[in-house]
Amino acid sequence: MSGLGLNAAGAHQHDAHDPLAAFAAEFHHPHDETGRRLVYLCGHSLGLQTKSTAEYVAQELIDWQRLAVLGHHAAERPWISYHERACAALAMLVGAEDTEVVAMNSLTVNLHLMMVSFFRPSGPRNRVLIEKSAFPSDRYAVVSQLEYHGLDAAEHLIEVAPREGERCLRTEDLIACLQREGPRLALVLLPGVQYLTGQALDLAALIAAARDTGATVGLDLAHAVGNIPLHLHDWNADFAVWCSYKYLNAGPGAVGGCFVHERHGERSDLPRFAGWWGHPEATRFEMGPQFTPIPGAQGWQISNPPILSTAPLLASLDVFQRAGMARLREKSIALAGFLQSLIEDLLPRAVQIITPGEPSERGCQLSLRLILPGPEARRCHERLIAAGVIGDWREPDILRLAPAPLYNSYHDVFLAVEALARAVGS
Ligand SMILES: *Cc1c(COP(=O)(O)O)cnc(C)c1O
């Protein structure tokens with residue numbers, strides 16, 4: 001048997017012994033116009049739809065038709081407390097108490113709301129530390145918050161870059177920068193998994209080092225939630241934000257989420273942008289003039305939540321609860337390892353994996369640098385799409401592939417690498 005044949009047989013073997021294999025059938029997998037099922041390795045960008053999503057959304061449409069305003073209390077899942085149904089599963093996924101999490105808004109909006117409360121520049125402690133290649137939206141949000149406080153980003157934004165010639169951040173470099181800037185830092189904002197390289201940071205160590213400086217610590221978990229195990233409560237992060245359309249499979253523009261550590265949950269000295277949904281339900285409809293925040297993360301809610309974009313989140317969280325994060329992580333490590341070994345076997349010269357090789361330093365995404373001259377790399381990605389393999393492309397030369405343990409198989413990984421080998425012409 002050739003290398004390809006051996007690897008195909010290996011993939012089938014792994015799939016036959018995969019305890020989570022049945023979950024793939026709970027998702028809609030996309031097809032091309034000829035009806036061919038696509039190999040979808042793009043869950044880091046938009047997760048697939050669970051088959052139960054349609055029922056969850058239909059239930060709300062029916063209850064709205066049937067009950068109109070009475071649905072707030074009489075719907076199958078009453079709208080007044082609808083968002084609370086996400087709390088237990090979100091708390092499980094991020095390692096928090098139920099009262100520390102809330103499903104609301106979208107990621108960048110939540111980041112702003114958290115900075116209103118937790119970025120409080122005062123005296124010389126007026127800088128924000130982020131990573132140099134932070135997701136643009138995060139950087140825009142931070143710079144605009146600095147400017148809102150009358151602070152100049154050129155002086156007050158500290159950006160930590162990978163070393164010359166390296167792609168990933170080193171924990172020791174981040175810690176050295178934290179120690180150097182210590183007394184000047186008001187806020188440290190870190191990613192859980194870096195969106196471009198797929199690197200998972202050592203959050204336990206970095207949060208501890210950042211808190212030692214006296215700064216508050218926030219996390220952007222866009223690529224971490226539902227991907228790697230998180231222990232936000234024990235790690236002592238001050239806040240975290242995430243979106244739900246990536247690994248959480250809640251659909252385009254789905255309602256995002258937010259974590260606020262218990263130690264801030266009942267503080268009355270924090271400024272916040274308030275709205276009626278942050279006020280306790282028991283007295284909300286007395287319509288009094290005085291805002292009293294709900295203790296915990298729910299006290300940061302502003303508006304009544306979008307039921308139709310929360311329904312798919314509940315559908316997906318139900319799947320996560322049944323699969324369990326420990327089993328998902330185990331499969332994720334094996335799937336990413338399989339992807340890595342096939343690439344190293346079949347594409348040793350055309351592809352460089354820039355994601356760390358150590359499982360504890362990555363989630364399920366591998367970022368591949370295509371070592372091809374100029375526009376040839378981009379054409380290679382186009383050939384991959386034509387072959388029915390969906391990853392995504394980041395200029396100038398990065399292909400991101402993420403086998404999601406909930407719905408991808410080892411065979412998917414095999415098909416992707418086989419198509420990639422053809423696309424690069426090796
Ligand atoms: C996907 C992503 C976002 C998206 O922000 P939205 O407010 O949901 O549009 C933000 N930050 C990071 C790191 C991301 O990966």
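Predicted model: local features only at pLDDT ≥ 70, side-chain atom pairs only at ≥ 80, totals over all residues.
Is Tyr 195 buried or exposed? The cut-off for buried is under 20% relative accessible area. Tyr 195 has 16%, so this residue counts as buried. Leaving aside residues up to four places away in sequence, Tyr 195 touches Ser 133, Ala 134, Phe 135, Pro 136, His 223, Gln 365 and Arg 400. Glu 84 is elsewhere: 111 residues separate Tyr 195 from Glu 84 in sequence, and their C-alpha atoms are 29 Å apart in space.

Next, the sheet that contains β7. Seven strands make up this open sheet, in the order β4-β10-β9-β8-β7-β5-β6, and the pairing is mixed. Which strands stand at the edges? They are β4 and β6, the latter being residues 157–160; each has a single partner strand, so one side of each has no neighbour in the sheet. On average, neighbouring strands here are turned by 15° against each other, direction ignored.

Helix α6, residues 136–148, lies across β5, β6, β7 and β8 and runs at about 155° to β6.

Now to β8 itself, residues 216–220. Why can this strand be called largely enclosed by the rest of the structure? Five of its five residues are buried, so the rest of the structure largely encloses it. As a general point, side chains in a regular strand alternate between the two faces of the sheet. In β8, Thr 216, Gly 218 and Asp 220 are on one side, Val 217 and Leu 219 are on the other, and all of them are buried.

β8 pairs with β7, residues 185–191, in the parallel sense over five bridges. Leu 190 has Leu 219 of β8 as its bridge partner. Between the two strands the chain passes through helix α9, residues 203–212, and this β-α-β crossover is right-handed. Also in β8, Thr 216 stands opposite Leu 187. With β9, residues 239–242, β8 again pairs in the parallel sense, over three bridges. There, Asp 220 is opposite Val 241.

Arg 394 has Ile 398 in β15 as its bridge partner.

The loop between β14 and β15 holds Pro 396. What kind of peptide bond joins Glu 395 and Pro 396? The bond is cis, with omega at about 0°.

That brings me to the backbone exceptions. In general, most residues other than glycine have a negative phi, and most peptide bonds are trans. Ala 68 is not a glycine, yet its phi is positive, about 45°. Ala 68 belongs to the loop between α2 and α3, and at 39% relative accessibility this residue is partly exposed. Asn 105 also has a positive phi without being a glycine, at about 50°. Its place is the loop between β4 and α5, and with a relative accessible area of 28% Asn 105 is partly exposed.

Last, a helix pair. Helix α2, residues 53–67, packs against helix α12, residues 307–323, at an angle of about 145°, and their axes are 8 Å apart. Their crossing is right-handed. Which residues meet? From α2 they are Thr 53, Tyr 56, Val 57, Glu 60 and Leu 61; from α12 they are Ile 307, Leu 308, Ala 311, Pro 312, Leu 314, Ala 315 and Asp 318. By type, the residues of this contact are nine nonpolar, one polar and two charged.

How values were computed
Residues numbered from 1 in each chain as written. Heavy atoms only, no water. Buried < 20%, exposed > 50% of the residue type's maximum accessible area, 1.4 Å probe, protein only. Helix = DSSP H or I, 4+ residues; strand = E, 2+ residues; numbered from the N terminus. Pairing = 2+ DSSP bridges. Right-handed = clockwise from strand over helix to strand, strands pointing away. Axes fitted to C-alpha atoms, helices over the stretch in contact; angles between N-to-C directions. Left-handed = near helix turned anticlockwise from the far one by under 90°. Contact = heavy atoms within 4.5 Å. Nonpolar A, V, L, I, M, F, W, Y, C, P; charged D, E, K, R; others polar.
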